[in-house]
Amino acid sequence: MTATASSASLARTEGVVAAHRGASRLAPENTVNAFQTALSKGAAALELDVHLTSDDQLVVIHDSHLDRTTSGTGAVRSLSTDEVQALDAGSWYGADFAGERVPTLDEVLELTQGRARLNIELKASGADRVAERVIETVCRHAAADRVVVMSFSLDSVLAARRHRTSARWHDEAAPIVVLPIVTQPLADPLAFVRATGMDGLNYPPRLWDAELIQRFRDSDLTVHGGLINDPQTMREFFDCGGHMADTDEPDLFSSSR
């Protein structure tokens, strides 16, 4: 697949592999460089993380604190967007990436328009407001049909579902897929998804089997395999009917069922 995808492929949810934090093994995670590199390697989707700044804007960064991946320190929430974007988000990875910035979600939505789907992970901090701002931002970019919103925090995905159905958006937000991320076995995954009103489940491949996947597909629910870096595991997951997964491995970016 080339770096530019057709509108039909953006709507497709069969065999979609998302580059986890962009091409994070080739460039500093969650930067424009990492996303551009993933697209150039054939990625049809990108996975990323968002946090709110002090001026209520969404920036793309994994950690709640700046220390690991930028030249700054302290909580992302304590700085304005301009202050966060003034930091160096590349030197920690390598001197060749000095000067990389923390992008905003707006910038990534613009970068990927007509090119890639997005899997947006919400962090638990400020669950309701983060969810509301993500839904608002995605709708403003008319990107609802190419976005999955996910979180380890049930409160966050419940908030996303609630804001998605707000009368404010009419039907604009309806195509956004909302998934909880669960890494431990559930007694009855399908019952859990139905009880919480989710659109499917992000669940490790070791916990999916062909029968469970078929039950989800029969219920028109999304089957996400979480983070998969092993080629055989990826093939088996898609062969069983899985819809999508994330990966760190550049060689798997263009994998599809």
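Mentor: Axes here are lines fitted to C-alpha atoms, for helices over the stretch in contact, and the angles run from 0 to 180 degrees between N-to-C directions. Please keep in mind that this is a predicted model. Two packed helices are described by the angle between their axes and the distance between the axes. For helix 5, which spans residues 127-140, and helix 6, which spans residues 154-164, the axes come within 8 Å and cross at roughly 45 degrees. Because of that angle, helix 5 is oblique to helix 6, and the crossing in which helix 5 passes helix 6 is right-handed. On the side of helix 5, the residues that take part in the meeting are Ala-127, Asp-128, Ala-131, Glu-132 and Ile-135, while helix 6 brings Asp-155, Ser-156, Ala-159, Ala-160, Arg-162, His-163 and Arg-164 to it. Sorted by class, this contact of helix 5 with helix 6 holds five nonpolar, two polar and five charged residues.

To set that part beside the open spaces of the model, the largest pocket has a volume of about 200 Å³, and of the 14 residues that line the largest pocket, the closest to its centre are Phe-152, Ile-181, Asn-202, Gly-226 and Leu-227. The lining of the largest pocket divides into seven nonpolar, four polar and three charged residues.

How values were computed: Residues are numbered from 1 along each chain as its sequence is written. This is a predicted model: local features need pLDDT of at least 70, side-chain atom pairs count only at pLDDT 80 or more; totals for chains, interfaces and linings use all residues. Side-chain values use heavy atoms; hydrogens and water are left out. Helices (H or I, at least four residues) and strands (E, at least two) are DSSP runs, numbered from the N terminus. Angles under 35 degrees count as roughly parallel, over 145 as roughly antiparallel, 65 to 115 as roughly perpendicular and the rest as oblique. A crossing is left-handed if the near helix is turned anticlockwise from the far one by less than a right angle, and right-handed if clockwise. Contact means heavy atoms within 4.5 Å. Ala, Val, Leu, Ile, Met, Phe, Trp, Tyr, Cys and Pro count as nonpolar, Asp, Glu, Lys and Arg as charged, and the others, Gly among them, as polar. On a 1 Å grid over the protein atoms alone, a cavity is a set of points where a 1.4 Å probe fits but cannot get out, and a pocket is an open set with protein on both sides within 12 Å along at least five of seven lines; lining residues have an atom within 4 Å of a point. Grid points are joined across faces, edges and corners, and a volume is the space filled by probe spheres set on the points.
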